[in-house]
Amino acid sequence: MFSNLAIETEPAPDRDDFSDSDISTFPSQYHQQGSVAMGLDKSYVLHLAQCGDRVCGVSDSGTLGVYHMDTLAKSATLRPHSGGPVSGLASCTTEPDLVVTCSGDQAVKVWDLRLALDTPVVTLRDTSRPHTGPPLPPGRPLSCVAVNTAGLVAAGTEQVGGESFLLFWDTRAGDSLLGGYWDSHNDDITTLQFHRDKKDILATGSTDGLVNVLDLSQPDEDEALVTSHNTEDSVGRVVWYSWKGDTMQLAIHTHTEEIQLWKTEDVAPHTILDRGKVCHGIRRTVSEHTYIAGVHSMEEEEGLVVLAGSSCPAGSCLRLARIKNKKIK
């Protein structure tokens, strides 16, 4: 009766698909400039954000460390939220001394790195109507946060009561809730990304598979929805980037280690790079070990940089690549 039962096994060991002498495979090499441990015990780094000449990192222990970018010398450490791990971390390009955190404790906190970090500059809370239905606690745990160049803070929630929510605060006007959107997603909101040059344009992503582009200058939620993209996957992160002069391009990194590239006005992605293609692009052989550490827009030129690697214990690696002609190279 068990003759057709498939037994899961560990994936085969991963390796390079080129010889050591094939230098042309990677025309450029990079070297690790520095490294720092966030704690004495083994920990995972959950979030990173650059704040001027500093980098902030959040570990799974709930601590936030502040480091000088050039030396990685620690300048401060704190525990931003006592009610749970930090679920979101964001910085603002126009205010490099500020960093914003959020947590399942339903609070967003703004910290000024120039001041003593025992107290946030402001704490933002959801004061809207409580949700109905399970779970019984009425609060909305926060799952991600972003801030635009004008000081508007947006936070996404986990799914509660069968719904997910987008909440907004204007830090220039104090700590009062500015408003929210209630119908954009129906599962955990995982990522928020304001457009770098268009302060009212916000991209949101969720485990419901949708990436929505919103224009927050519109009077209500229905009119704010510019477009909605169905990735048919679970969305991990969205990134704005520029290509051929068009800055309204979106790169979507999914939880299945896939990259989708969309023009905001299109109804389908123009490029899909699944895990196997990412594996081939970084010149490895077993895609089950492949992971994407980050997808980043180029600041001084157009296009995207992908940081991907292999988690195979017998031969791990981390490699930089570009997306060119619908391929990772």
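Q: Which residues have the most contacts inside the largest nonpolar core?
A: In this predicted model, the largest nonpolar core has 19 residues. Strands β5, β6, β7, β8, β9, β10 and β11 each supply at least two residues of this core. Those with the most contacts inside the core are Val 108, Val 145, Val 153, Leu 167 and Trp 169.

Q: Which strand gives the largest share of this core?
A: The largest nonpolar core has 19 residues. Among the strands that each supply at least two residues are β7 (107–112), β9 (142–147) and β10 (152–157). The largest share, 3 residues, comes from β9.

Q: Which residues does Val 108 touch, not counting residues up to four places away in sequence?
A: Val 108 is one of the residues with the most contacts inside the largest nonpolar core. Contact here means heavy atoms within 4.5 Å. By that criterion, Val 108 touches Val 100, Thr 101, Cys 102, Val 122, Thr 123, Leu 124, Leu 142, Val 145, Val 153, Ala 155 and Trp 169.

Q: How many residues lie between β2 and β3 in their hairpin, and which residue there takes a positive phi?
A: Strand β2 (residues 54–59) runs antiparallel to β3, and 5 bridges join them. Within this pairing, Val 58 has Leu 64 in β3 as its bridge partner. The hairpin has 4 residues between the strands, and the residue with a positive phi, near 95 degrees, is Gly 62.

Q: What is the bridge partner of Tyr 67 in β4?
A: Strand β3 (residues 64–68) is mostly covered, with 4 of its 5 residues buried. β3 pairs with strand β4 (residues 74–78) in the antiparallel sense over 4 bridges. The two strands form a hairpin with 5 residues between them, where Leu 72 in the turn has a positive phi of about 60 degrees. In β4, the bridge partner of Tyr 67 is Lys 74.

Q: Which residues of β14 point the other way from Ile 201, Ala 203 and Gly 205?
A: In a regular strand the side chains alternate between the two faces of the sheet. Strand β14 (residues 201–206) is mostly covered, as 6 of its 6 residues are buried. Ile 201, Ala 203 and Gly 205 point one way, and those that point the other way are Leu 202, Thr 204 and Ser 206.

Q: Which residue in β15 does Ala 203 stand opposite?
A: On one side, 5 bridges join strand β13 (residues 189–194) to β14 in an antiparallel arrangement, with Leu 192 opposite Thr 204. β14 is also joined to strand β15 (residues 210–215) by 5 bridges, and these two run antiparallel. The hairpin of β14 and β15 has 3 residues between the strands, with a positive phi of about 90 degrees at Gly 209 in the turn. In β15, Ala 203 stands opposite Val 213.

Q: Is Tyr 181 buried or exposed?
A: Tyr 181 lies in strand β12 (residues 177–181). Leaving out residues up to four places away in sequence, Tyr 181 touches several others, including Phe 165, Leu 214 and Ala 224. The relative accessible area of Tyr 181 is 10%. Buried means under 20%, so Tyr 181 is buried.

Q: Is Asp 222 buried or exposed?
A: Asp 222 is found in helix α1 (residues 221–224). Its C-alpha atom is separated by 8.8 Å from that of Asp 183, 39 residues apart along the chain. The relative accessible area of Asp 222 is 70%. Exposed means over 50%, so Asp 222 is exposed.

Q: What is the relative accessible area of His 253?
A: His 253 is found in strand β18 (residues 246–254). Leaving aside neighbours within four places in sequence, His 253 is in contact with Val 235, Gly 236, Arg 237, Glu 258, Ile 292 and Val 295. His 253 is buried, and its relative accessible area is 14%.

Q: Which element gives the most to the lining of the second largest pocket?
A: The second largest pocket has a volume of about 670 Å³. Of the 23 lining residues, the closest to its centre are Thr 25, Phe 26, Pro 27, Ser 28 and Leu 320. The lining divides into 11 nonpolar, 5 polar and 7 charged residues. Both α2 (275–281) and β23 (317–324) supply at least two residues, and the element that gives the most, with 6 residues, is β23.

Notes: Residues numbered from 1 in each chain as written. Predicted model: local features only at pLDDT ≥ 70, side-chain atom pairs only at ≥ 80, totals over all residues. Heavy atoms only, no water. 1 Å grid on protein atoms, 1.4 Å probe; cavity = no way out; pocket = protein on both sides within 12 Å on 5 of 7 lines; lining within 4 Å. Points joined across faces, edges and corners; volume = space filled by probe spheres on them. Nonpolar A, V, L, I, M, F, W, Y, C, P; charged D, E, K, R; others polar. Buried < 20%, exposed > 50% of the residue type's maximum accessible area, 1.4 Å probe, protein only. Pairing = 2+ DSSP bridges. Core = buried A, V, L, I, M, F, W, Y, C linked by side-chain atoms within 4.5 Å.
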